[in-house]
Amino acid sequence: MKSILIVDDEENIRETLKDVLEDEGYAVFLAENGKVALRILDTHVVDVILLDLWLPEIGGMDVLKMMKERDSNIPVIIISGHGTIDTAVRATKEGAFDFIEKPLTIEHILNVIDHAIKINALKEENLALRQGNLNSYYMVKGSSDVYNGIEKLISSCAHSNSRVLITGENGTGKEVVARKIHEMSQRRGAPFVAVNCAAIPQTLIESELFGYQKGSFTGAVSDKKGKFEIADRGTIFLDEIADMSLEAQAKVLRVLEEMQIERIGGVSLIKIDVRVIAATNKDLSHLIKERQFREDLFYRLNVVPIHIPSLRERREDIPGLLNYYFEHFAHESTNKMKVLSDEAAQFLVQEYTWPGNIRELKNLVERLTILTRDVAVGLEDVKNNIPYLHEAEFLADGSFVYNEKDGLREAKENFERNYIVNVLKKNKNNITRTAQVLKVERSNLYKVMKRLGIW
Ligand SMILES: Nc1ncnc2c1ncn2[C@@H]1O[C@H](COP(=O)(O)OP(=O)(O)OP(=O)(O)O)[C@@H](O)[C@H]1O
Ligand SMILES: [Mg+2]
């Protein structure tokens, strides 16, 4: 079911639109001003926004900008009054999808909404195709003994229903392993549902995981299935499991014990048939000692433990990965396949520490494929494309490294990246604490980290 957010200060317009749109089968959220609208966007999935430009307090144009900053993918349709066409046109320049003039005709509104949804679906499809979604979970076979051991473990546990707990540093391939297990199991025809427990605001974890019943709280305008229900007959991947609050942990534990869930506001228990795979980059035994992670939940999850060692602990695997990704990105970008000089290869295979593991390797190879001009890639090219290499210099005296290639934008990004990486280190990679220190929402911090390539 698609959902629409209506932002208008006139109650009768909101209510009339709501009736019409609900009749058409949309879920509808209502906001009387920008603040309420932004709050709804922070907590709900919205497919299309109808936005009036004349709003009290924060004006519609500013609301539009804030919406676009949060998520530029949701189409915003402007509702404009008489004589405000100019502004409406300006709004489309600011990224609004289209505008409709008052008085509103129902047919026109429905058409524009339908159009917006279709165009967006196409955009997403293209994006998924471009990113080669399927390819992005390809698993290069390992040459090291440890990785071969992991591959064996995967095939031997895939057919059972046992729970698996995957541990390993950032970017070591925990999700790749989880998906592989799902693909090799009899559950492969059913969904694999990945839940990033750290990226969901704590207040929403319950509704995300268990869903809710229409009317169980303000804003619950329709029934919503939770991730456990969506994953029925398939696999649920609970990622970053250590970042769940103790409260959420208690709820998940109950579900794992009973294998049934109750939607928020629901009246009955729903049986679920789900295989649970969890992952974390944290040391759970340490967190258990500090009473931040429940020991009973740990035992429930840790039936088959799979630990993926960091790349620097299994350097034999690096050449195969480099090869695969140089070929992959050459193919994708239609650039010639690059060739590393002996010096560069030696540095990457034998010396570099790879703090970001396979994810970092993949990003580096993509940059080298696109950014370097010659087919031959030397040691300097490689070092210039590793953003963290100069990090120590960068913060030692609070100054920065001047790099003539960087414009203000790159410089800002470098600063942001280094700052976040350092605060993360200071807080032992604890995202919650880092977000508090940086005074940002934890889920937002994740988005920023992703954008900057830290995560
Ligand atoms: N064996 C592999 N072969 C090829 N690519 C891999 C392999 N393992 C991981 N990758 C790639 O490395 C990247 C990181 O993998 P993944 O997202 O599974 O790591 P992760 O351990 O879940 O990381 P994080 O802790 O940061 O979430 C992905 O882009 C993935 O495609
Ligand atoms: Mg992951």
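1. At 30% relative accessibility, K251 counts as partly exposed; the term covers values between buried (under 20% relative accessible area) and exposed (over 50%), with a 1.4 Å probe and protein chains only. E206 is likewise partly exposed, with a relative accessible area of 30%.

2. The model is predicted: local features need pLDDT of at least 70, side-chain atom pairs count only at pLDDT 80 or more, and totals for chains, interfaces and linings use all residues. Residues are numbered from 1 along each chain as its sequence is written, chains are lettered from A and ligands numbered from 1 in the order in which they are written, and side-chain values use heavy atoms, without hydrogens or water.

3. E206 and K251 form a salt bridge, with their closest N and O atoms 3.0 Å apart. This pair joins distant parts of the chain, since E206 lies in helix α8 and K251 in helix α10, 45 residues apart. A salt bridge here is a side-chain nitrogen of Lys or Arg within 4 Å of a carboxyl oxygen of Asp or Glu, and the count by this rule is 23.

4. Helix α10 (residues 246–258) has 13 residues and should span 18 Å at 1.5 Å a residue; the 19 Å between its end C-alpha atoms agrees. The expected span is 1.5 Å times one less than the number of residues. Helices (H or I, at least four residues) and strands (E, at least two) are DSSP runs, numbered from the N terminus.

5. Which residues of α10 are buried? They are A248, Q249, V252, L253, V255 and L256. These residues cover an arc of only 165° around the axis, so they lie on the same side of α10; the arc is taken from the directions from the helix axis to the C-beta atoms. Among the elements they pack against are α8 (205–210), β10 (235–239) and α12 (295–301), contact meaning heavy atoms within 4.5 Å.

6. The largest nonpolar core has 34 residues, and L209, F228, I236, L238, F293 and L301 have the most contacts inside it. Its largest share, 5 residues, comes from α10. Such a core is a set of buried Ala, Val, Leu, Ile, Met, Phe, Trp, Tyr and Cys residues joined through side-chain atoms within 4.5 Å.

7. R263 and E229 meet in another salt bridge (3.0 Å, N to O). R263 counts as buried at 13% relative accessibility, and E229 counts as buried at 12%.

8. Within helix α10, R254 and E258 lie 4 residues apart, about one turn of the helix, and their side chains meet in a salt bridge of 3.9 Å, N to O.
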